[in-house]
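Please walk me through this protein model, one region after another.

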Amino acid sequence: MSKFSLKINGKTQEVDVDENTPMLWVLRDHLKLVGTKYGCGIAQCGACTVHLGDNAVRSCQLPISSVGDQEITTIEGLSDNGDHPVQQAWLEIDVPQCGYCQAGQIMSASALLKRNPSPSDEEIEAAMNGNICRCGTYVRIKKAIKTAASATQNA
């Protein structure tokens, strides 16, 4: 076991875990941040997406020892009260069906808009590639990302 000091959602938290423990299990099992979902376990579906620094990463395959000093943001830390433009657009467009993949989808979308506030359709498709939705809400996801981009630019 090793001790890690992690900055998660703006707060520093200490955990004592094996250095190879995937970030997902540190978040869910040790810190009770269960908004990040377990999907495939092989970084292929995107349900476990969080931000490491400004980048969207798959937490199910990322050893906690590789985090270093970078800040982790989970769906719980994206905004204090669910008013992030992407979260608002998700509600406005009524994106979720079963909802299981949505935290990962929102985290990938918000990382995209942070680095590219006005993405094209092709850029959205490239950024969201690998975030799988078994309900097939891809058309609404793309529309919500465009709505969030518009809201951000008009704010």
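**A guided walk through the model**

Start at threonine 137: leaving aside its neighbours within four places in sequence, this residue is in contact with Val95, Gln97 and Gln102. Contact here means heavy atoms within 4.5 Å. Threonine 137 sits in the loop between α4 and α5. Helices (H or I, at least four residues) and strands (E, at least two) are DSSP runs, numbered from the N terminus. Is threonine 137 buried or exposed? It counts as buried because its relative accessibility is 2%. The cut-offs are under 20% relative accessible area for buried and over 50% for exposed, with partly exposed in between (1.4 Å probe, protein chains only).

A word on the ground rules. This is a predicted model, in which local features need pLDDT of at least 70 and side-chain atom pairs count only at pLDDT 80 or more, while totals for chains, interfaces and linings use all residues. Residues are numbered from 1 along each chain as its sequence is written, and side-chain values use heavy atoms, with hydrogens and water left out.

Now the overall layout. The domain assignment of the protein chain gives domain 1 (2–77) and domain 2 (85–154). Such bounds come from an automatic or database domain assignment. The centres of domain 1 and domain 2, taken over C-alpha atoms, are separated by 21 Å. Across the boundary, 16 residues of domain 1 are in contact with 14 residues of domain 2.

Glycine 130 is next. It is found in the loop between α4 and α5. Not counting residues up to four places away in sequence, glycine 130 touches Gln44, Cys45, Gly46 and Arg58. Glycine 130 counts as partly exposed because its relative accessible area is 21%.

Look inside next. A nonpolar core is a set of buried Ala, Val, Leu, Ile, Met, Phe, Trp, Tyr and Cys residues joined through side-chain atoms within 4.5 Å. Which members of the largest core, with its 20 residues, touch the most other members? They are Val86, Trp90 and Ile145. Four helices each supply at least two residues of this core: α2 (85–93), α3 (102–115), α4 (121–128) and α5 (138–154). The largest share, 6 residues, comes from α3.

Helix α1 (residues 23–30) has Met23, Leu24, Val26 and Leu27 as its buried residues. What lies over them? The cover includes β1, β2 (11–17), β3 (49–52) and β5 (72–73). After α1 comes lysine 32, with a positive phi near 60 degrees.

Strand β1 (residues 2–8) holds lysine 7. This lysine counts as partly exposed because its relative accessibility is 38%. Beyond four places in sequence, lysine 7 touches Thr12, Gln70, Glu71 and Ile72.

Most residues other than glycine have a negative phi. Alanine 43, in the loop between α1 and β3, has a positive phi near 60 degrees. Aspartate 94 also has a positive phi, of about 60 degrees, although it is not a glycine. It lies in the loop between α2 and α3. Aspartate 94 counts as exposed because its relative accessibility is 52%.

Finish at the largest pocket. On a 1 Å grid over the protein atoms alone, a pocket is an open set of points where a 1.4 Å probe fits, with protein on both sides within 12 Å along at least five of seven lines; lining residues have an atom within 4 Å of a point. The pocket has a volume of about 220 Å³, the volume being the space filled by probe spheres set on the points, which are joined across faces, edges and corners. Its lining has 17 residues, and His51, Leu78, His84, Ser110 and Lys114 lie nearest the centre. α2, α3 and α5 are the elements that give two or more residues to this lining. The largest share, 4 residues, comes from α3. Domain 1 and domain 2 each provide at least three lining residues.
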